[in-house]
Amino acid sequence: MSTNKKPATKLVPVPSTNIIPERDVDKRPILETRHLGIDFGGLSAVSDFNMAIGRTEIAGLIGPNGAGKTTIFNLLTKVYQPTRGSILLDGIDTANKTTAQVNQLGIARTFQNIRLFRDLTVLDNVLIGLHNETKYNLASAIFRIPGYWRKERIARDRATELLSIFDMQDLAENKAGSLPYGAQRRLEIVRALATNPSLLLLDEPAAGMNPSETGELMENIVKIRDTFGIAIMLIEHDMNLVMGICEGICVLNFGKIIAKGTPEEIQSNPAVIEAYLGKKKED
C-alpha cells in the first residue's frame, strides 16, 4: 500500500474500544456504533461492529470485496434495520428510525452506483437535496406569494454556492445525465452536502476517476471537512486516497473488524496484509 504525506493525527481512546482524533476528544463522537450486527437468513453479514467517529474526523472503512462495508453504510442510513446492537448519532439512538429521519438527524451519503436524477438539471438535483432547509406552506406554494419566491431565491443561491465547491456552478443548467462520469460523482457529493449533514458517508467516491481527478477529489474532501466542520467516512479501494487523507481507519473482513488505527498502523498490521494479500505459505 502506498501513501501520501500529510500531517500526522494522534488517535486517542474513547469509551469502549474506539479511537478518535485527539482534537475531538472533548466532544461527543458524531457517530458511535455498539455491537452492531445484522443477519440475512442464517448468515451473519456484520457482527459486533464497534466504531466511533470524531466530530471533524475523516475516517476510512476498508476491506476486501464482500467484507460488508456497504452493508455498514446501509445500516447507518437505515436502508437495513440492525438485527442487534445500537447506532448513536450525536448521542441519539437511531433505533426504528427511517432513512429520511436519520437524514434529518444529520447523516447523508453517496452510493457505489450513481443515483442522480439524470433528466433534471444539475441545479435541480442540488435543490432537491435542500429539502431539509427549504419549507413552504401549502398556500405559499399554490399562490406563489412573495415569501415563496424569496425562499426559492435563497435556495438557488445556496445550491450555486455548493456547486462552486467543485467549480460546477457553470454547469448548473446542464442535465445531470449529460455530465462526464467524474462530474456526476462530484454532483452526488454536492447533493448530499445540500442536506446539511453532520456526517457525510462516501461510498467509493473515486470509483472510475483517473489519478488527476482522484487527487482533486482528495483535496476537496479535506476542503469539505474544513469548510463545513463535519465528519466524513468513506469506503474506498484506492489506497493512495485512503492513506492520504484518512485519520482513523477501520478494516473489515467477513463482516468483522480485524484492525483499527492510523494509516501507518494499518499498513503494517499483519491481519490486514493477510486479508488483502492472503496468508503466506510456509516453506
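**View 1. A salt bridge joins the side chains of Asp90 and Arg55, at 2.8 Å from N to O.** A salt bridge here is a side-chain nitrogen of Lys or Arg within 4 Å of a carboxyl oxygen of Asp or Glu. Asp90 sits in the loop between S6 and S7 and Arg55 in the loop between S4 and strand S5 (58-62), so the pair ties together parts that are 35 residues apart in sequence. Helices (H or I, at least four residues) and strands (E, at least two) are DSSP runs, numbered from the N terminus. Asp90 is partly exposed at 26% relative accessibility, and Arg55 is partly exposed at 24%. Buried means under 20% relative accessible area, exposed means over 50%, and partly exposed lies in between (1.4 Å probe, protein chains only). The model is predicted: local features need pLDDT of at least 70, side-chain atom pairs count only at pLDDT 80 or more, and totals for chains, interfaces and linings use all residues. Residues are numbered from 1 along each chain as its sequence is written, and side-chain values use heavy atoms, with hydrogens and water left out.

**View 2. Asp39 and Arg84 meet through their side chains in a salt bridge of 3.0 Å, N to O.** Asp39 belongs to strand S3 and Arg84 to strand S6 (residues 84-89), so this pair ties together parts that are 45 residues apart in sequence. Asp39 has a relative accessible area of 30% and is partly exposed; Arg84, at 31%, is also partly exposed.

**View 3. The strands S4-S3-S6-S7, in that order, form an open sheet with antiparallel pairing.** Its edge strands are strand S4 (43-53) and strand S7 (92-93), each pairing on one side only. Two strands pair if DSSP finds at least two bridges between them. Strand S3 (residues 31-40) and S4 are joined by seven bridges in the antiparallel sense. Leu31 stands opposite Ile53 in S4.

**View 4. Arg23 and Glu247 form a salt bridge between their side chains (2.7 Å, N to O).** Arg23 lies in the loop between strand S2 (19-21) and S3, and Glu247 in the loop between helix H8 (239-245) and strand S11 (248-253), so parts that are 224 residues apart in sequence are tied together. Arg23 is partly exposed, with a relative accessible area of 39%, whereas Glu247 is buried at 6%. Both residues belong to a network of salt bridges that links Arg23, Arg225, Asp226 and Glu247. The whole structure has twelve salt bridges.

View 5. With 12% relative accessibility, Arg109 counts as buried. Beyond four places in sequence, Arg109 is in contact (heavy atoms within 4.5 Å) with residues including Phe73, Leu201 and Asp203.

**View 6. Gly208 lies in the loop between strand S9 (199-203) and helix H7 (211-228).** Gly208 counts as exposed, at 65% relative accessibility. Leaving aside neighbours within four places in sequence, Gly208 is in contact with Tyr181 and Glu213. Gly208 and Arg185 are 23 residues apart in sequence, and their C-alpha atoms are 9.1 Å apart in space.
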